[in-house]
Amino acid sequence: MTKPTLGVEQGTTTRRAGAWQAALLLAGSCMPVMGAVLITPVLPQLSQHFAGEPGSDVLVPMIVAIPALMIAIFAPFAGQIIDRLGRKNLLVVAMLAYAIAGTVPAYIDSLTGILISRAFVGLFEAAIMTVCTTLIVDYFHEERRRNKYLSLQTVATTLGATLFIALGGAVGSAGWHAPFWIYAIAAPIAIVMVFVLWEPGRGDATDAHIAVGEKARVPWRILGLPLVVTVFGGFTFYVMVIEVSYLVVGTGVSAGDTAVIGLVAAIASLATAAGALTFPRIARRGTAVLLPLAFGLQAVGMVVVWLFGGFVGVLVGAVIVGYGSGILLPSLVTWVVSRTRFEERGRATGWWTASFFFGQFVTPIIMGALTAATGAPLPVAVGMVGIAAAVVAVVLAFGMRAGTRTEQAAPTAR
């Protein structure tokens, strides 16, 4: 399945990852996405079933939101565990635990119990997402292959989201309990991981490592700005994902016309996948070019939604935003992990994961506050986000190029 190769600096035997390892890590990366979208089609059923529960109008939507919050809180701790105790075992245990916690609502009838189980789902998702991203870089740390698989991670999760929504809707016709059984798919994937994945280590002389005796820590000096930008990127990434159905309905399409609403969402998802597939071909331009480009495309798409309006305006704007988002996500990941060394990579990836999912979690909160504070209709609020994205694009375009010139002239210490 894999061929051992000789580490040239230390004379140690290392293994070269291939399609099997990539497929498993991409499948694992889809689990947090499944946790977020699989049950959205049955939320109306859950709201109706628990209508008599106090605060159900707030608590039922939290069934979807809680996992993202838990990822934001616990991913940094997962990163610490990864760097100290290893990658593979944590991933296998988290996948099995995810399968158990995810299926709990299939056989209970308690809103409190469901919310608790969803919190545990988010906890295990934090470990899964952090380890999968870390292992992609560990296994494929050569720039060309790393860019390829980080972009495919975005493609897999984006297309997976579309598939999981459709699957949840189809299975949900049997009742709101039914979709939760689908979480069990993580268990057989975990079993295959036991036999196909391996634990990388310092013996791989082709990777970057800290010096012997140096203590591994979070490299805040190189992560500070990327993490702040990632929070904003997580927000802009999910604005259209969350709001597109409301924007379509705002053009006059009936809320019951789920076929048209779903078609627009699916086309936007395909645009995101297309953007991610473009990333490996343009990655050599560097994040100093790609990040402003990605935020710029998002800004253009959101402004199109605002200024042109109507069904065609929403569709075209969603496609442009989606394409920019597809470039944005692997660019953000690369910006963080490309400069990290093996022993600190888990910490860095954990903080990146936390930042991105925190951006996802606050998206509906910010959009709700924005429309409430300004009294503006949703397309205007989306346009305001687009203007903010344009500002960030311009600042990054000048700031990152200046920073690159400074680093080339006088490299800074970590």
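Trainee: Why is Ser331 called buried?

Mentor: This is a predicted model, and in it Ser331 has a relative accessibility of 0%. Buried means under 20%, so Ser331 counts as buried. The residue lies in helix H11, which covers residues 310-337.

Trainee: Which residues does Ser331 touch, not counting those up to four places away in sequence?

Mentor: They are Phe279, Thr287, Leu290 and Leu291. A contact requires heavy atoms within 4.5 Å.

Trainee: What makes Phe356 buried?

Mentor: Its relative accessibility is 4%. The cut-off is under 20%, and therefore Phe356 counts as buried. Phe356 has its place in helix H12, residues 342-374. Leaving aside neighbours within four places in sequence, Phe356 is in contact with Thr230, Gly233, Gly234, Phe237, Tyr238 and Leu329.

Trainee: How far apart are the C-alpha atoms of Phe356 and Phe232?

Mentor: They are separated by 8.0 Å, although the two residues are 124 residues apart along the chain. For the protein chain as a whole, 82% of the contacts with a separation of 6 or more join residues 24 or more positions apart.

Trainee: Why is His49 called partly exposed?

Mentor: The relative accessibility of His49 is 39%. Buried is under 20% and exposed is over 50%, with partly exposed in between, so His49 counts as partly exposed. His49 is in helix H2, residues 43-49. Not counting residues up to four places away in sequence, His49 touches Asp109 and Trp176.

Trainee: Why is the pair of Phe140 and Tyr149 called tilted?

Mentor: Rings pair if their centres lie within 6.5 Å, and the centres of Phe140 and Tyr149 are 4.2 Å apart. Planes under 30 degrees apart count as stacked and those over 60 as edge-to-face, the rest being tilted. The planes here are at 35 degrees, so the pair is tilted. Both Phe140 and Tyr149 are buried.

Trainee: Are Cys30 and Cys132 buried or exposed?

Mentor: Cys30 counts as buried, because its relative accessibility is 10%. Cys132 is also buried, with a relative accessible area of 0%. In the protein chain, buried residues make up 53% of the 414 residues.

Trainee: What is the reach of helix H3 from its first C-alpha to its last?

Mentor: Helix H3, residues 56-85, reaches 40 Å, which is close to the 44 Å expected for its 30 residues at 1.5 Å a residue. A kink of about 55 degrees lies at Ile63 in H3, shortly before the proline Pro67. Just after H3, Gly86 takes a positive phi of about 115 degrees.

Terms used
Residues numbered from 1 in each chain as written. Predicted model: local features only at pLDDT ≥ 70, side-chain atom pairs only at ≥ 80, totals over all residues. Heavy atoms only, no water. Helix = DSSP H or I, 4+ residues; strand = E, 2+ residues; numbered from the N terminus. Expected span 1.5 Å × (residues − 1). Bend = angle between axes of the 7 residues up to and from the residue. Buried < 20%, exposed > 50% of the residue type's maximum accessible area, 1.4 Å probe, protein only. Phe/Tyr/Trp six-rings, centres within 6.5 Å; stacked < 30°, edge-to-face > 60°.
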